[in-house]
Each structure stands twice: as structure tokens, then as C-alpha cells.
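Welcome! Here is a short briefing to read alongside the structure.

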Amino acid sequence: MRAFGMYNYLHLDSWHQDNVYYVDQFGRVMNLSVTLDTALQKPREVFRLPTDLTACDNRLCASMHFSSSTWVTLSDGTGRLYLIKSGKRGNSASEKWEIVFNEELGSPFIVAHSISFIKSDAHSLAVLLLRVEKDDLDTKGSGFHVTLEWVTVAERKEGDHTYEIIKRRVLQGKSVPHYAAIEPSGDGLMIVSHKPFTFMQSESDKLEENDDAKVSNEKKDPLYYWQQTEDDLTITIHLPQDITKDDIKIRFSPDNICVTLKDQPPLMEGKLYSSVDHESCTWVIKEDKSLEISLIKKNEGSRWPELIIGDTRGEFIMDPSQCSEIAESLMHLTSEVMNPNPEKENPPCNAQELEECDAFLEDGASLCRFDGNTLKVTHIINLGSNQYLFSVVVNPKEMPCFCLRHDVDALLWQPHADQPENMWEHIATFNALGYVQASKQDKKFMACAPDYSYAALCECLRRVFIYRQPTPLATVLYNRKEGRQVGQVAKQLVATLESNDPILGFQATSERLFVLTTKTLFLIKVNCGN
């Protein structure tokens with residue numbers, strides 16, 4: 001239902017925001033441009049799908065995505081993918097849609113996302129295709145699974161300006177993703193979903209993984225053992241029989257250590273988790289033919305979670321007194337009885353105080369980032385009760401933003417794939433939107449302005465709700481209950497469409513709302529000055 005029944009048939013060109021597009025029942029891609037504040041040109045046909053859609057059974061809706069300012073990805077809903085060079089859109093003189101690549105890719109799909117990028121001096125496009133397919137092996141669940149196919153198409157090196165598929169990867173899950181987008185560089189993928197997605201392997205990948213698994217299953221002894229106190233660390237390494245004191249070379253520095261035996265490559269080398277007093281560090285060979293290294297912590301009292309950053313070849317040995325100390329420090333978080341002293345303080349959450357609109361249909365959604373080379377998850381965040389609300393393109397050169405509910409508010413997050421330390425940046429807050437939208441049981445689409453000036457939602461029929469950000473007041477206003485002066489007020493507007501036709505599309509720009517029904521496209525001017 002979410003994948004296809006709630007599909008947004010209206011497509012906003014984020015590269016040229018005064019333009020919207022839709023595909024009609026005859027396979028024509030129609031464009032409408034804003035000429036004046038609330039005036040639309042007549043629908044203009046810019047492209048027609050070669051397939052006769054009326055003759056196709058079991059097809060999905062046609063879908064499209066604007067990969068760049070001059071490239072468009074298009075699906076006819078029958079399983080065929082089109083890559084189109086459009087020229088500069090929004091200008092009828094230079095806009096000319098031309099098919100550069102088209103290929104049948106199997107069962108029907110919709111285009112979830114696409115990007116255009118340059119890699120190895122060749123132009124490439126990466127496309128994300130969404131399918132819901134019957135799963136004969138699933139006898140206890142819904143009987144279906146969801147796939148996301150990540151297709152990369154690149155220009156041939158022959159220089160004849162033709163394109164070919166160079167990579168196809170498939171992820172599979174059991175729920176339709178709320179959000180799925182490819183990173184601008186084409187190196188990764190981010191997904192927000194209720195149930196996890198995993199990459200499906202080809203036979204060659206399975207063979208390689210089985211070989212790796214055999215190697216890893218042969219359990220190896222740790223290369224070294226280490227212990228720590230509040231003041232120092234002790235490293236123990238078992239030495240080969242033929243090693244003497246003269247064969248051992250150890251180099252200490254404030255942040256690094258290097259241990260070498262004879263003329264072999266370093267046995268241990270890397271950056272320490274924290275700084276040490278390198279002039280006080282020592283080493284000695286014990287009677288049991290083991291090397292014992294003592295490191296003196298520069299910051300006394302701090303516990304190290306690892307010795308050498310990223311090195312997993314060692315094993316930490318915790319002393320019994322440290323185990324008792326940690327258990328005692330966590331004792332206040334546990335109890336043998338549920339709510340042992342209810343009179344002393346109120347429980348943190350009272351379910352009886354929750355309203356019906358506070359109930360989430362799906363708890364436990366997660367945000368995952370997949371690496372395009374290793375096909376492994378590099379980041380995973382459990383969103384918990386932070387309900388996914390909608391996505392919006394703020395900057396077409398970046399990944400789409402996603403909006404999550406945080407308590408009663410709604411927070412907008414911008415992914416930054418090239419910033420590992422700040423991969424998801426909070427860029428805007430819509431006060432009370434999380435609570436307000438939960439009360440709209442008939443809502444169909446949500447959106448916000450790219451400049452964050454307002455958020456909006458529409459119901460299945462007729463009504464559109466606009467929530468403006470707080471703005472300063474020209475007059476003096478006081479809160480009667482608290483007796484304080486109110487400096488800003490946020491306004492809510494309700495628009496009722498002059499149509500009883502179902503709403504099929506909904507898009508927002510910084511100045512306007514576009515609402516598409518089965519027969520009419522409505523343009524609502526959001527006058528931020530009022």
C-alpha cells in the first residue's frame with residue numbers, strides 16, 4: 001500500500017523549482033511551469049513513452065526522478081528503465097528529452113532515487129529501483145518481500161556516447177523503506193526502514209565468503225593480552241623460543257607504540273587509544289619466556305576500551321576487583337522488583353496519559369548506511385519512537401533530507417555522506433508538528449519548504465493544512481495563564497480544494513504548494529508575509 005497506493009504522482013524539479021511534471025494515463029510526460037505568482041501555463045508534453053501502456057496488464061504506475069539539471073530517470077511501470085538527456089529543463093527552447101539508454105530489467109518497478117556523477121573520467125548514473133515481489137518461501141508472513149535494486153549505468157569508453165549497465169546489486173527486506181537514497185558520489189546508500197535490508201549475494205560472492213568464513217572459523221590465539229589499572233597498562237606477549245633480549249626492539253612515543261622481533265615486520269604497531277608517559281614506559285622478559293610491557297597513562301583514572309585503535313588481535317583481561325567495581329556502579333539501574341518505590345517518584349512514562357494519536361503503527365525503525373564496495377552496513381541507528389514523517393530535497397546536489405518526530409516536534413535531518421563525523425546534521429525544527437500530524441488520521445502526503453519556512457500536509461480529499469514557522473509579532477500579546485509577553489506566533493492555515501477528486505500528488509517549494517488531483521492541478525501561494 002505504501003509503495004504504490006501512496007505513490008506521489010506529482011514530481012517537483014528541484015533543479016528548477018517553478019516546474020512540476022506528471023505522467024498521464026497515455027504515457028505522456030507533462031510539464032507545467034509557473035509564469036506569475038499563481039498562474040500556470042497550459043500542460044506541455046515534453047516526452048512520450050514508446051510503450052503503449054493501455055495494452056499492458058499488471059503494470060505499475062510510471063515513475064520518474066530528476067538525476068541532475070539535465071538528466072532524468074524514467075520507468076514506464078512495465079519493467080523497462082529509460083535514461084533521458086533532457087537539456088536545460090524549464091526552458092521550452094532548450095528542453096528536449098532524448099532517450100540515451102533503455103533496457104528491460106525484469107519485473108515491474110518504480111524509480112525510488114537516482115543520481116548523476118563522474119567517476120574515473122566517465123559519466124555515470126546510479127538508479128534505485130523498488131519492487132514488491134511474491135516470496136514462495138515465506139509461508140508464515142505476508143508471502144511477499146521487498147527488493148531495492150541498485151543499478152549503475154556508465155558511458156562506454158569507446159567515445160560513441162552510448163551507455164551500458166556496469167553493476168547491478170540487490171537488497172532484500174520485509175518492509176517497504178520509508179526512505180532510500182544513493183550518496184552523491186555513488187559510493188554508498190542510506191535506508192530508513194521498519195525491517196532490515198540485506199544485500200543478496202551472487203554465487204561467486206557466496207563462494208568467496210565461504211572461504212573467508214573457513215579461515216575465520218579457525219580460531220587463533222590472541223597475539224597479546226593486556227590489563228589496566230587507573231594508572232597504567234600491562235601488555236603480555238608470548239615469545240618464540242629462539243628470541244633473545246637483543247632481538248627485541250620497542251619504540252615508545254606519547255601516542256604510539258611499535259614492537260619488532262629480529263628483522264621481521266612489526267609485531268605490534270599503531271596509535272594508542274590515549275596518551276602515555278613514554279619516558280616512563282618499560283619492558284622486561286619474564287621467566288616464562290614472555291615479554292611484559294608497562295605503559296604509564298598520562299591521564300590517570302580513565303579506562304581504555306581498546307589498546308591500539310582498530311587492532312583486534314589482542315585480548316583484554318579484566319581483574320576481579322574491576323568487575324566488582326563496575327557491577328556496583330551499575331547497581332542503581334537495576335532492581336529485583338518492578339517499580340519498588342512508587343510513592344517516591346513518578347514513573348518516567350505513564351501509558352494512561354498517552355492519547356490515541358500518540359500511538360505509532362511501527363516502532364523500531366532503523367537508519368542504515370551501506371558501503372557500495374563492501375556491501376556491508378557501516379552505520380546503523382535505531383530510531384526507536386522517532387517516527388519517520390517525510391523527505392524533502394533542500395539542495396539537489398545533496399541527498400534528500402528526512403524528517404523525524406522527536407517528542408511533539410518534527411526535526412529535519414540532512415545526510416552528509418562525505419562527513420563521517422557529522423553524517424546526519426539537524427538543520428530545522430517544526431515545533432509541535434509531530435503531535436499535530438499524528439491527529440490527522442486521513443493524511444496522505446507531507447512536505448515542507450526547502451527554506452524551512454513552513455510545513456504542510458494534505459488529506460486524501462480536499463483539505464490542505466499549512467503550518468508556518470513562528471514569526472515576530474507587530475503588536476503586543478500576552479499569555480493569560482503565565483502572564484508573559486509572547487514574542488512570536490506560529491500560524492496554521494487550512495485550504496479546502498474546490499474538488500472532491502482524490503489527491504494524487506503534493507509538492508512544496510519555498511513560495512508555493514502544488515496539489516494534483518485526478519482532474520486538476522491546484523497552485524496555492526503561501527504568502528509568508530501574512
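Phe-465 stands opposite Val-494 in strand 35, where strands are DSSP runs (E, at least two residues) numbered from the N terminus, and helices are such runs of H or I with at least four residues. This is a predicted model, in which local features need pLDDT of at least 70, side-chain atom pairs count only at pLDDT 80 or more, and totals for chains, interfaces and linings use all residues. Residues are numbered from 1 along each chain as its sequence is written, and side-chain values use heavy atoms, with hydrogens and water left out.

**The sheet around this pair**
- Strand 32 (residues 463-468) and strand 35 run antiparallel and are joined by five bridges; two strands pair if DSSP finds at least two bridges between them.
- An open, antiparallel sheet of four strands has the order 30-31-32-35.
- Strand 30 (443-448) and strand 35 (492-496) are at the edges with a single partner strand each, so one side of each has no neighbour in the sheet.

**Nonpolar cores**
- The largest nonpolar core has 23 residues, and Ile-235, Ile-257, Ile-293, Leu-295 and Leu-307 touch the most other members.
- Such a core is a set of buried Ala, Val, Leu, Ile, Met, Phe, Trp, Tyr and Cys residues joined through side-chain atoms within 4.5 Å; buried means under 20% relative accessible area with a 1.4 Å probe, protein chains only.
- Apart from this core lies another of 22 residues, including Ala-180 and Phe-199.

**The whole protein**
- The protein has three helices and 38 strands.
- Of its 530 residues, 41% count as buried.

Key
Buried means under 20% relative accessible area, exposed over 50%, partly exposed in between (1.4 Å probe, protein chains only).
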